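Visitor: I am new to this structure. Could you walk me through it, a question at a time?

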Amino acid sequence: MDDNRDILISGASVAGPALAWWLSRYGFHPTVVERAPHLRGGGYAVDFRGAAHLNVLTKMGILDAIKARQTRLSSTTIVDEKGRPAARMPAHVFAGDVEILRGDLARILYEATRDTTEYIFGDSITSLDERAHSVRVCFEHSEPRTFSLVIGADGLHSNVRRLVFGEDDRFIEDLGLCVSIFSMPDSAGLDHAGLLCSVPGRTAGVFSAGDNQAIAQLYFAAPSISCDYRDTGRPQQIVAEAFTGMGWRVPQLMAAMRQAPDFYFDTVSQVHLDRWWAGRVALIGDAACAAGPGGNGTGNAVVAAYVLAGELAAAGGDNRTAFERYQQLLRPYVAKGQAQARSGKDFLAPPTAKKIAQLHRFYKMLPYLPVKALMKYLTTRTATGIKLPDYSRAETTSSGRTAH
Ligand SMILES: Cc1cc2nc3c(=O)[nH]c(=O)nc-3n(C[C@H](O)[C@H](O)[C@H](O)COP(=O)(O)OP(=O)(O)OC[C@H]3O[C@@H](n4cnc5c(N)ncnc54)[C@H](O)[C@@H]3O)c2cc1C
């Protein structure tokens, strides 16, 4: 293969399709392979904060589509185990500048790329054999193919990372929490609001998702749990056991979990790697640097897609130069998000009744605090903490020259 235009991306959620969008823009030919048989819906609400995230979405021309599907969360009421309101949190504490369900975002990105990107659903890479000018790729179902470069955008438990860099336990840092998320009917009549209840070590929340749907979010402190995260039986049993005896709406949430079409369970974890690339393979999004809730993972993945594709175009396809520049630019930026997410752990599952009481007191004070200014300050420290390079020249000059 004598050019590097044919790029295989593993994973069709956020980072993968966003990267495909930018690669097509610069004249590369992206193919995306996704293990799920079709585009995965469902998932929690994710948000974009600050100029860097919004600028990339604007350049992609999808900010309006995202705004049209935003959750429009009004506020979240913190309740005790008897359902009595303890405090109310304004929307912008959670919702950033624009908040959207992960599944809706994935669909917008897919629709923006499907005409310029080959999508292969229901398949997965089984081996990567790097050669002088290409990578020979074998799949579970499709015939083997040859690509110039391969990018792993396949999330926390990245398949590409395992094949090229090693097993998960070398790179995944479990933050000592588990999370389960699923959709359910909005029987509480939430109407764009949310409810959140904590007891020591456990938090249950339910948030409006519009269209009479709600999203349940459950967090609980747990030492490393080993199970097949893609399964439902054993993980549901683990969640049910963890929430046994908790009051409020938890029994209804447990019943809804058993019926949920999109049950999700995982540890809350971060990914740390010394290098995000090796030869002709690179990682992006959670596969490279998952931060966990509160770490700006989604917005940062979109920024990373802009930078990785832009560097490849600017380097005329020289993958070594581009991958190294991409890593240098992004690493300090995502590290800030990772540090922020780490400090949010006690908020997700406060360990003691004392901590819960402290948090309630803090939430009660929020109406009297400059919350908007505080959130802006936090955003400036993390999500806007990157100067986006201007790759517009590469847009017109890129011709996908030979990789090294
Ligand atoms: C509980 C929770 C709450 C979060 N809340 C927020 C938030 O509020 N705001 C925010 O910005 N971020 C949030 N995040 C982080 C955010 O979800 C991620 O950072 C973001 O989705 C990164 O996207 P990604 O495309 O890298 O990975 P993912 O969204 O994980 O997508 C990976 C894709 O790869 C596919 N895949 C997996 N294995 C294979 C394989 N073998 N072959 C092919 N495809 C494969 C998967 O099916 C999936 O489609 C949260 C994360 C969690 C866990």
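Guide: Start with a definition: on a 1 Å grid over the protein atoms alone, a cavity is a set of points where a 1.4 Å probe fits but cannot get out, and a pocket is an open set with protein on both sides within 12 Å along at least five of seven lines; lining residues have an atom within 4 Å of a point. Grid points are joined across faces, edges and corners, and a volume is the space filled by probe spheres set on the points. This is a predicted model, where local features need pLDDT of at least 70, side-chain atom pairs count only at pLDDT 80 or more, and totals for chains, interfaces and linings use all residues. Residues are numbered from 1 along each chain as its sequence is written, and side-chain values use heavy atoms, with hydrogens and water left out.

Visitor: Which helices give two or more residues to the lining of the largest cavity?
Guide: The largest cavity has a volume of about 110 Å³. Its lining has 16 residues, and among the closest to its centre are Gly 285, Cys 289 and Val 334. Helices here are DSSP runs (H or I, at least four residues), strands likewise (E, at least two), numbered from the N terminus. Those giving two or more residues are helix H9 (286-289), helix H10 (297-314) and helix H11 (319-343).

Visitor: Is Cys 289 buried or exposed?
Guide: Buried means under 20% relative accessible area, exposed over 50%, partly exposed in between (1.4 Å probe, protein chains only). The relative accessible area of Cys 289 is 13%, so Cys 289 is buried.

Visitor: How many disulfides does the structure hold?
Guide: A disulfide is a pair of cysteine sulfur atoms within 2.5 Å. Take Cys 197: the nearest cysteine sulfur, that of Cys 178, is 19 Å away. Cys 197 also counts as buried, because its relative accessibility is 0%. The number of disulfides is 0.

Visitor: Which are the edge strands of the open sheet of 7 strands?
Guide: Two strands pair if DSSP finds at least two bridges between them. The order is S5-S4-S13-S14-S15-S12-S16, with mixed pairing. An edge strand pairs on one side only, which holds for strand S5 (85-90) and strand S16 (264-271).

Visitor: Which strand of this sheet makes about 55° with helix H13?
Guide: Axes are lines fitted to C-alpha atoms, for helices over the stretch in contact (heavy atoms within 4.5 Å). Angles run from 0 to 180 degrees between N-to-C directions. Helix H13 (residues 353-365) packs on the sheet, touching S4, S5 and S13. The strand at about 55° is S5.

Visitor: How many residues lie between S8 and S9 in their hairpin?
Guide: S8 and S9 run antiparallel, joined by 5 bridges. Glu 130 stands opposite Val 135 in S9. The number of residues between S8 and S9 is 4.

Visitor: Which elements give two or more residues to the lining of the second largest pocket?
Guide: This pocket holds about 350 Å³ of space. Among the residues closest to its centre are Arg 69 and Asp 211. The elements are helix H5 (102-113) and S15.
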